[in-house]
Amino acid sequence: MLPIPYFQRMKKNTETATLGGGCFWCIEAIYKRLEGVKKVRSGYSGGSIKNPAYREVCDGRTGHAEVCAIEFDPEIISFQEILDVFWKIHDPTTLNRQGNDVGTQYRSVIFFHTNTQKILAEASKNELSINAYYEKPIVTEISACETFYPAESYHNSYFELHREEPYCRLVVLPKVEKFETVFANKLKKAGD
């Protein structure tokens, strides 16, 4: 019997968004703070190798991107709001790069789970392009989410557990702080 993909095992009253925008530690740290998000899981998607390991993905040999599967309650937060955050927390104009993280594994990508998500993602990207929100063209890939492979367990809550490490202090923390400023009205309440 084939294993059930991670995003198909999630609760029925939730939806899943699978997004990549650089290192998954950044994406996870941000979306975990967003009201209506139930769970964020780091992983790999979009490549050709089954059950990839972190080192293989980092070497760029698998075709996979570092992504997060974001389980959210659509009655609290919409997929469009998930996208609004996505466009502002990374640079969707840099091909296969976010800051010093370089390679196809760091590409900007939206892996859609439904036709509605595909339509919303394409419309959102087109609107930003037409309105010249960014000075350079948006290179974000929009593809169907065929498979999600959860990352090794030590990647879970990486920022919370290792916030004093240089990468967390210099890369993740500034993104989290920017997110918390720009989206202050969408943050989870204390105790959530």
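Predicted model: local features only at pLDDT ≥ 70, side-chain atom pairs only at ≥ 80, totals over all residues.
**Sheet and packed helix**

Six strands form an open sheet with mixed pairing, in the order β7-β6-β1-β3-β2-β8. At its edges lie β7 (141-144) and β8 (149-150), each of which pairs on one side only. Helix α4 (residues 115-130) packs on this sheet and touches β1, β6 (108-112) and β7. The direction of α4 makes about 150 degrees with that of β6. Strands β1 and β3 run antiparallel and are joined by 5 bridges. Within this pair, T18 stands opposite A69 in β3.

| Strand | Residues |
|---|---|
| β1 | 15-21 |
| β3 | 65-72 |
| β6 | 108-112 |
| β7 | 141-144 |
| β8 | 149-150 |

**Largest cavity**

The space in the largest cavity amounts to about 40 Å³. Its lining consists of K88, I89, K175, K178, F179, V182 and F183. Two elements, α3 (79-89) and α6 (166-182), each give two or more residues to this lining. Helix α6 provides the largest share, with 4 residues. By class, the lining of the largest cavity comprises 4 nonpolar and 3 charged residues, and no polar ones.

Technical notes: Residues numbered from 1 in each chain as written. Heavy atoms only, no water. Pairing = 2+ DSSP bridges. Contact = heavy atoms within 4.5 Å. Axes fitted to C-alpha atoms, helices over the stretch in contact; angles between N-to-C directions. 1 Å grid on protein atoms, 1.4 Å probe; cavity = no way out; pocket = protein on both sides within 12 Å on 5 of 7 lines; lining within 4 Å. Points joined across faces, edges and corners; volume = space filled by probe spheres on them. Nonpolar A, V, L, I, M, F, W, Y, C, P; charged D, E, K, R; others polar.
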